[in-house]
Amino acid sequence: MQEQIYHLQFAMDTFYFLMCGVLVMWMAAGFSMLEAGMVRSKNTTEILTKNVALYSIACIMYLICGYQLMYQGGFFLSGITELDVDATLAEFAGREDGFSGDSIYAGASDFFFQVVFVATAMSIVSGAVAERMKLWAFLVFAVVLTGVIYPVQGSWTWGEQAVFGLYELEALGFSDFAGSGIVHMAGASAALAGVLLLGARKGKYTADGKTHAIPGANMPLATLGTLILWMGWFGFNGGSVLKLGDMANANEVAVVFVNTNAAAAAGAIGALILSVILFRKADLTMVLNGALAGLVAITAEPSTPTPLQATLFGAIAGCIVVGAIIGMDKLKIDDPVGAISVHGVVGLFGLLLVPLTNEGSSFSGQLIGAATIFVWVFATSLIVWAILKQVMGIRVSEQAEYEGVDRSECGVEAYPEFVSSVK
C-alpha cells in the first residue's frame with residue numbers, strides 16, 4: 001500500500017511540474033503579443049521573430065550547458081536514462097516524513113520547468129531593445145545570456161552548488177521564491193545594459209529635452225498578451241512550490257494562486273488610479289504594466305503573505321511602475337514596453353518585500369542578493385553588448401529604422417497593406 005502511495009506522489013508531482021511548465025511556456029505567447037502590440041506596425045514581424053527565436057535558443061542553450069552550470073546536472077550528452085524505480089522507492093522509504101516530505105519527481109520535468117524560466121528572462125530583453133536593434137546581434141546575445149549569464153547567477157540561490165566557488169546567497173538570508181530577482185531583475189539588468197549602448201529611437205526625445213510618445217500599433221494585442229502572461233504566472237509561481245502531492249503543499253499552491261491573482265489585480269487598479277490622477281486619462285498601457293508589476297512584486301514571495309498583504313503589495317507595485325516609467329523617460333532611457341521598469345525596478349521592490357512576511361529572510365540578505373544579481377548580469381551583459389557593437393554592430397541604420405525593421409531584418413511585413421507605402 002505504501003509503495004502505491006509513493007508511486008502516486010511521484011506521478012502527481014511530476015505531472016504538476018510539467019503542467020506548470022506548460023503554463024510558463026505559454027508566457028512566450030504573452031510576451032510576443034504584448035510586444036507586438038506595443039511597437040509600431042512596421043516593426044511587428046521582427047519582434048515576433050525575436051520571441052520565437054529566443055525561446056528556441058534558450059531551450060537549446062540551457063540543454064547544452066545552462067542546466068549543467070546552474071544545477072551541476074545535465075543529460076545533453078548522456079541522455080535521459082530510464083528511471084530506477086527501486087532506488088527511487090528506497091529514497092522514499094528512507095525518509096521519516098514519507099508522503100509529506102519533499103517532492104520527488106522526474107529529472108526531465110525539472111529541466112523542462114527550469115528552461116521556460118530562462119526563456120522568460122530573455123524575453124524581457126526583447127521588448128526593451130525593440131524597433132532599433134539588429135536581429136542577429138540580439139540572437140547572439142541570447143546565446144550567451146541563456147547559456148552562461150543566467151545559469152551562473154541562478155546557481156547562487158537555486159543551484160546545488162554555487163558556480164565559480166562563490167557563496168550561496170541563501171546562506172546570507174536571501175530568498176527569492178519564484179524569481180523576482182533571479183529571473184525578472186536579471187532580465188531587466190541585461191536589457192538596461194543593451195539599451196544604454198543602443199540609444200533611444202529616433203524622435204523619442206527632442207532637442208529641448210522633451211519626451212515624444214511613440215504609441216504602439218495594436219492595443220488589443222497588448223491587452224491579450226498581458227492576460228496571457230497573467231494566466232501563465234500561475235504556473236510560474238504555483239509551480240515553484242515544487243509539490244502538490246500532500247494536503248499541506250496543495251494548500252500552499254492554492255494560497256500562491258490567490259495571492260498571485262490578487263497582486264496582479266491590485267497592480268492594475270493602482271496604476272489605473274495613479275494614471276488618472278497624473279494624466280487625467282485612463283492610460284491602458286499603464287494599466288497593463290501595473291498588472292504585470294503586481295505579478296513581478298509577488299513573485300519573490302507569494303506563499304507567506306495574507307491575501308490583504310498581497311493586494312497591498314500589488315497596488316503599491318502598480319503605482320511604482322507608473323513612476324518608474326516616467327522616471328526612465330526623464331533619464332532618456334528608451335524602453336518601448338516599459339520592461340526595465342516592470343521587471344527591474346519592481347523586481348527589486350518585490351525582493352525587499354520578502355522579509356515582511358518571511359522570517360527566514362533579512363533585508364540585508366535581500367539587498368546583498370539583489371546587488372549581486374544586478375552587478376553580475378549588468379556587467380557581463382554590458383561586456384557582451386560592447387563586443388557585439390564593435391564586431392557586428394547592434395543598431396540598424398537610420399533608413400532601416402525609418403522604414404521599419406520588418407523590411408531590413410525579416411523581409412516580411414506584418415501589415416503590408418498599411419506600411420508598404422512607407423519610403
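This is a conversation about how some descriptions of a predicted model are reached.

Mentor: In this predicted model, local features need pLDDT of at least 70 and side-chain atom pairs count only at pLDDT 80 or more, while totals for chains, interfaces and linings use all residues. Residues are numbered from 1 along each chain as its sequence is written, and side-chain values use heavy atoms, with hydrogens and water left out.

Trainee: Why is N43 called buried?

Mentor: Buried means under 20% relative accessible area, exposed means over 50%, and partly exposed lies in between, with a 1.4 Å probe and protein chains only. N43 has 1% relative accessibility, so N43 counts as buried.

Trainee: Where is N43, and which residues does N43 touch?

Mentor: N43 sits in the loop between α1 (2-38) and α2 (44-71), where helices are DSSP runs of H or I with at least four residues, and strands are runs of E with at least two, numbered from the N terminus. Leaving aside residues up to four places away in sequence, N43 touches E131, G404, V405 and D406, a contact being heavy atoms within 4.5 Å.

Trainee: What makes the pairing of N43 and E131 a polar contact?

Mentor: A polar contact is a pair of N or O atoms within 3.5 Å; within protein, one must be able to donate a hydrogen and the other to accept it, and residues adjacent in sequence count only if both atoms are side-chain atoms. The side chains of N43 and E131 are joined at 2.7 Å, and the side chain of N43 also reaches the backbone nitrogen of V405 at 2.9 Å.

Trainee: Is C59 buried or partly exposed?

Mentor: C59 has 21% relative accessibility, so C59 counts as partly exposed, whereas C20, at 3%, counts as buried.

Trainee: What makes a set of residues a nonpolar core?

Mentor: Such a core consists of buried Ala, Val, Leu, Ile, Met, Phe, Trp, Tyr and Cys residues joined through side-chain atoms within 4.5 Å. The largest one here has 108 residues, and those with the most contacts inside it are F117, V125, F141 and Y150. Helix α4 (residues 107-128) gives the most to this core, with 12 residues.
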